[in-house]
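These are my notebook entries on one structure. I record what I looked up, entry by entry.

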Number of protein chains: 2
Amino acid sequence: MSLFRKVAIIGTGLIGGSIGLALKKHRLAAEVVGVSRHKESISLARKTGAIDNGGTSLEIIRGADLVIFATPVNVIIDLAPKVAKIIERNCIVTDVASTKEEIVRLLEKIFPDFVGGHPLAGSEKRSISYASAGIFQGSVCLLTPAKKTKQDSLRKIRTLWENIGAKVILLSAPEHDKVLAMVSHLPHIAAFSLINSVPKGYLKFAAGGLKDTTRIAASDAEIWAQIFMSNRKNVLKSIEALERNISVIKSAIKQNKKQLSVILNAAKNKRESVV
Amino acid sequence: MSLFRKVAIIGTGLIGGSIGLALKKHRLAAEVVGVSRHKESISLARKTGAIDNGGTSLEIIRGADLVIFATPVNVIIDLAPKVAKIIERNCIVTDVASTKEEIVRLLEKIFPDFVGGHPLAGSEKRSISYASAGIFQGSVCLLTPAKKTKQDSLRKIRTLWENIGAKVILLSAPEHDKVLAMVSHLPHIAAFSLINSVPKGYLKFAAGGLKDTTRIAASDAEIWAQIFMSNRKNVLKSIEALERNISVIKSAIKQNKKQLSVILNAAKNKRESVV
């Protein structure tokens with residue numbers, strides 16, 4: 001018997017599509033259905049086997065024992081009350097959004113059994129055409145249970161992620177947002193700011209360094225604007241930390257080469273400790 | 001007949017070693033010799049075929065018709081007068097250092113026929129053990145001729161780089177340093193500052209975004225401190241540009257989501273124009 005009977009994925013993009021492919025591959029759901037505003041996304045998801053059935057209307061999710069929101073934060077907030085009217089009370093609800101405090105606060109009021117989720121996978125790409133069952137292999141998935149989350153439901157969501165290759169770590173929603181502001185949102189701010197600083201005419205001289213540091217600046221602008229706004233308080237704090245660290249290097253360049261080497265060496269050692 | 005009779009590479013690290021391998025592979029030099037402070041580096045360079053002969057003393061460069069400095073800036077400045085005493089007047093001298101204004105100003109006084117060079121290849125790695133003949137394939141090599149550089153010598157250096165796969169672009173040394181401050185030195189500043197901003201306990205949550213944006217923070221601290229000091233004026237200007245662009249995003253997060261999307265979208269389009 002599979003872990004879930006009918007899983008409904010709302011949003012069949014890179015992450016939603018990859019979850020569908022992984023659920024099918026590891027036989028974790030008897031049936032997977034998908035919902036998207038975009039007909040082409042549904043038809044591609046069906047063609048690649050990410051979903052068994054799909055449509056642009058929420059009606060198809062009826063009878064699901066698991067609903068996974070895989071849309072941007074604002075779409076989740078918009079759709080949640082509509083989804084609540086269709087699913088049954090014992091249906092588990094989870095999501096994959098990049099921020100958690102706002103989502104968990106709103107969704108735990110709407111759904112009796114909600115578990116926040118955030119797989120640290122994906123890339124600057126968005127579309128289902130980049131989806132793959134393997135993107136969670138070796139990744140980390142953060143789960144942020146709500147106050148009312150049933151232990152058994154948390155266990156099932158954990159089992160799902162572990163079965164498709166992710167290491168699960170539990171965090172409170174506020175902790176999650178504090179950590180992500182630093183390890184994900186700040187790198188995006190840095191990448192966007194960096195590419196905006198380089199004069200257009202100089203871009204032809206870009207080598208590996210500039211390319212790597214700004215790769216994620218090609219991410220979807222609308223989605224990232226939402227993430228920054230949804231985690232505004234922590235993001236502003238992380239920006240201030242970056243500003244301080246830039247300023248420390250700037251002062252050292254102005255004044256003292258020895259101090260500069262010490263600062264850069266601390267950075268090097270820290271970077272090398274990242275696996 | 002090969003392009004050069006005897007090429008002397010001073011500094012057999014990642015770039016020096018790779019040049020040796022490429023020269024041999026494309027038969028551009030009848031003989032390649034190497035000099036390094038490190039005996040192991042010389043013996044590894046000989047074993048991999050990057051050089052025919054080598055040693056820790058400069059004596060071995062005698063009779064070269066091309067000397068390539070592939071050491072950090074301060075070592076070039078230190079060794080140049082010693083090299084000048086050994087080589088003959090008609091020997092062409094070039095280098096691969098990351099900054100050019102200071103180097104060209106000093107070395108054009110010491111050598112009658114000097115061409116500044118800077119291959120935009122390499123990585124955060126340094127050692128000869130990462131060297132490969134292929135690292136220049138499809139890369140850009142910037143050449144900064146000095147006032148006295150002979151046209152024929154410039155042509156020969158250009159031919160060398162083109163033969164090992166690089167596209168050559170000529171720039172004045174001041175232009176070079178202005179461009180590199182933006183496309184290379186600033187990304188390093190951003191990467192060092194970014195990793196220094198992330199609390200150590202959060203590093204286990206690092207995914208692709210943080211890893212890519214800070215990969216070059218694992219670069220050698222001493223070398224980068226020298227590069228920043230050697231190009232101090234331009235680097236400080238580029239840092240100020242970054243600070244302004246971070247501040248623009250910060251204000252938008254504080255005030256106006258719509259403006260934020262516009263800024264991020266401009267960044268996305270710019271990044272996507274980088275090939």
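**Entry 1: the side chain of B:Asp113**

The side chains of B:Asp113 and B:Ser153 are joined by a polar contact of 2.4 Å.

The model is predicted: local features need pLDDT of at least 70, side-chain atom pairs count only at pLDDT 80 or more, and totals for chains, interfaces and linings use all residues. Residues are numbered from 1 along each chain as its sequence is written, chains are lettered from A and ligands numbered from 1 in the order in which they are written, and side-chain values use heavy atoms, with hydrogens and water left out.

I placed B:Asp113 in the loop between H4 and E6 of chain B. Helices (H or I, at least four residues) and strands (E, at least two) are DSSP runs, numbered from the N terminus. Is B:Asp113 buried or exposed? B:Asp113 counts as buried because its relative accessibility is 2%; the classes are buried under 20% relative accessible area, exposed over 50% and partly exposed in between (1.4 Å probe, protein chains only). I then listed the contacts of B:Asp113 (heavy atoms within 4.5 Å). Beyond its neighbours within four places in sequence, they are B:Cys91, B:Ile92, B:Val93, B:Lys148, B:Thr149, B:Lys150 and B:Ser153.

**Entry 2: the sheet of chain B**

I traced an open sheet of 8 strands in chain B, in the order E3-E2-E1-E4-E5-E6-E7-E8 and with mixed pairing. Two strands pair if DSSP finds at least two bridges between them. Strand E3 (53-55) and strand E8 (167-170) of chain B are the edges, each pairing on one side only. From one strand to the next the twist averages 25°. Axes here are lines fitted to C-alpha atoms, for helices over the stretch in contact, and angles run from 0 to 180 degrees between N-to-C directions.

Within this sheet, strand E1 (residues 4-10) and strand E4 (residues 66-69) of chain B pair in the parallel sense over 4 bridges. B:Ile10 stands opposite B:Phe69 in E4(B).

I noted two helices on the sheet. Helix H4 (residues 101-110) of chain B touches E4, E5, E6 and E7 of chain B, and its direction makes about 150° with that of E6(B). Helix H5 (residues 151-163) of chain B touches E1, E4, E5, E6, E7 and E8 of chain B; its direction makes about 170° with that of E7(B).

**Entry 3: strand E6 of chain A**

I turned to strand E6 (residues 114-119) of chain A, which is mostly covered, 6 of its 6 residues being buried. A:Phe114, A:Gly116 and A:His118 point one way, and A:Val115, A:Gly117 and A:Pro119 the other way.

Strand E5 (residues 92-95) of chain A runs parallel to E6(A), joined by 2 bridges. A:Val93 stands opposite A:Phe114. The chain crosses from E5(A) through helix H4 (residues 101-110) of chain A to E6(A) in a right-handed β-α-β crossover: with the strands pointing away from the viewer, the path from the first strand over the helix to the second runs clockwise. Strand E7 (residues 140-145) of chain A is antiparallel to E6(A), with 5 bridges. The bridge partner of A:His118 in E7(A) is A:Leu142.

**Entry 4: A:Arg27**

I found a positive phi, near 50°, at A:Arg27, a residue other than glycine. Most residues other than glycine have a negative phi. A:Arg27 lies in the loop between helix H1 (14-25) and E2 of chain A and is exposed, with a relative accessible area of 70%.

**Entry 5: the two copies**

The same surface serves both copies, since 100% of the contact residues of chain B recur in chain A.

Conventions:
A polar contact is a pair of N or O atoms within 3.5 Å; within protein, one must be able to donate a hydrogen and the other to accept it, and residues adjacent in sequence count only if both atoms are side-chain atoms.
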